[in-house]
Amino acid sequence: METAENREELVIGGLDQRYGSLRLASPQELGRLRASIERMGILSPVLVATAVERDRLVLVDGFKRVRVVTDRGQRAIWGMKSPLDAAAAKVAMVAANAPHQGLCDLEEAWIVRSLCRDHKLTQVAVGKALRRDKSWVCRRLMLAERLDGELQEEIRLGLLASTVARELARLPRGNQLRMAGAIRAHELTSKQAHALVTALLGADDPRARDEVL
């Protein structure tokens, strides 16, 4: 249980943010958080792992909070330390965000892929650690590995909404970039993108697919 006694002030410059690549931060989310912090301050401490690498404080949860307070010119932030190793830290990233659904599908997918590929865990082991069934783990792993790398980078940069990632991953890689272009050009919602992808998958010949796009 979190108490005032087990929190401590951490110097932001001393935090290792290597796992920031597994998280997204849209301008809208940052704006909402910034407004909240300006009104009420930071309501919960960030979480850092102490056993990922010796003498390193690796940030596990609180990437957006750190970014906002850094932009505000603050040099320190309240945090909690936990003796988590690398795999346990990634599991904790999911657990910390579960109560308020803070991770999107693609962020979960990146974490699952890292646990499976970097830490050599089986899908069953990952599911047990994350308290999810194997089919959930399989879907997230497929999302991370089927979605074109260029599109994943566009989502990281905020050029494409993360909500359409699952829809694009339903397509063969050869069709994903063109479909993403159509989604951007027409500013489609995820629901509209789903309908468009479904229509494309149902098209029988190249001319019909071109008409859909």
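Modeller: Contact here means heavy atoms within 4.5 Å. The model is predicted: local features need pLDDT of at least 70, side-chain atom pairs count only at pLDDT 80 or more, and totals for chains, interfaces and linings use all residues. Residues are numbered from 1 along each chain as its sequence is written, and side-chain values use heavy atoms, with hydrogens and water left out.

I start at Q123. Leaving aside neighbours within four places in sequence, Q123 is in contact with C116, K134, V137, C138 and L141. Q123 belongs to helix α5. Helices are DSSP runs of H or I with at least four residues, strands are E runs of at least two, and both are numbered from the N terminus. Q123 is partly exposed, at 23% relative accessible area. The cut-offs are under 20% for buried and over 50% for exposed, with partly exposed in between (1.4 Å probe, protein chains only).

Look next at the loop between α4 (105–118) and α5 (123–130), where K120 lies. Phi of K120 is positive, near 60°, and K120 is not a glycine. Most residues other than glycine have a negative phi. K120 counts as exposed at 67% relative accessibility.

D55 sits in the loop between β3 (46–49) and β4 (57–61). D55 is exposed, with a relative accessible area of 72%.

Now go to L130. Residues up to four places away in sequence aside, L130 touches V91, V94, V112, L115 and W136. The largest nonpolar core has 61 residues, and L130 is among those that touch the most other members, along with Y19, L106, V112, L147, L168 and M179. Such a core is a set of buried Ala, Val, Leu, Ile, Met, Phe, Trp, Tyr and Cys residues joined through side-chain atoms within 4.5 Å.

M179 leads on to helix α9, where M179 is buried together with Q176, A180, A182 and I183. Seen down the axis of α9, these buried residues fall within an arc of 165°, so they line one face of the helix. The arc is that of the directions from the helix axis to the C-beta atoms. On the other side, G174 and A185 are exposed. The buried residues of α9 pack against α6 (134–146), α7 (149–156), α8 (165–169) and α10 (190–202). E187 follows α9, with a positive phi near 50°.

Helix α7 can be read likewise. Its buried residues are L151, Q152, E154 and I155. They cover an arc of only 160° around the axis, which puts them on the same side of α7. Their cover includes α4, α6, α8 and α9.

Last, the sheet. It is open, with 5 strands in the order β1-β5-β3-β4-β2 and mixed pairing. Two strands pair if DSSP finds at least two bridges between them. β1 (8–11) and β2 (15–16) stand at the edges, each with a single partner strand, so one side of each has no neighbour in the sheet. β3 and β5 (residues 76–82) run parallel, joined by 4 bridges. L47 has M80 as its bridge partner in β5. In β4, the bridge partner of L47 is D61. β3 and β4 pair in the antiparallel sense over 3 bridges. β2 and β4 are parallel, over 2 bridges, and D16 stands opposite V58 in β4. In β4, 4 of the 5 residues are buried, so β4 is largely enclosed by the rest of the structure.

Bridges still link β3 and β5, 4 of them. Helix α2 (residues 63–71) touches β2, β3, β4 and β5, and its direction makes about 110° with that of β4. Helix α3 (residues 86–97) touches β3 and β4, at about 35° to the direction of β4. Axes are lines fitted to C-alpha atoms, for helices over the stretch in contact, and angles run from 0 to 180 degrees between N-to-C directions.
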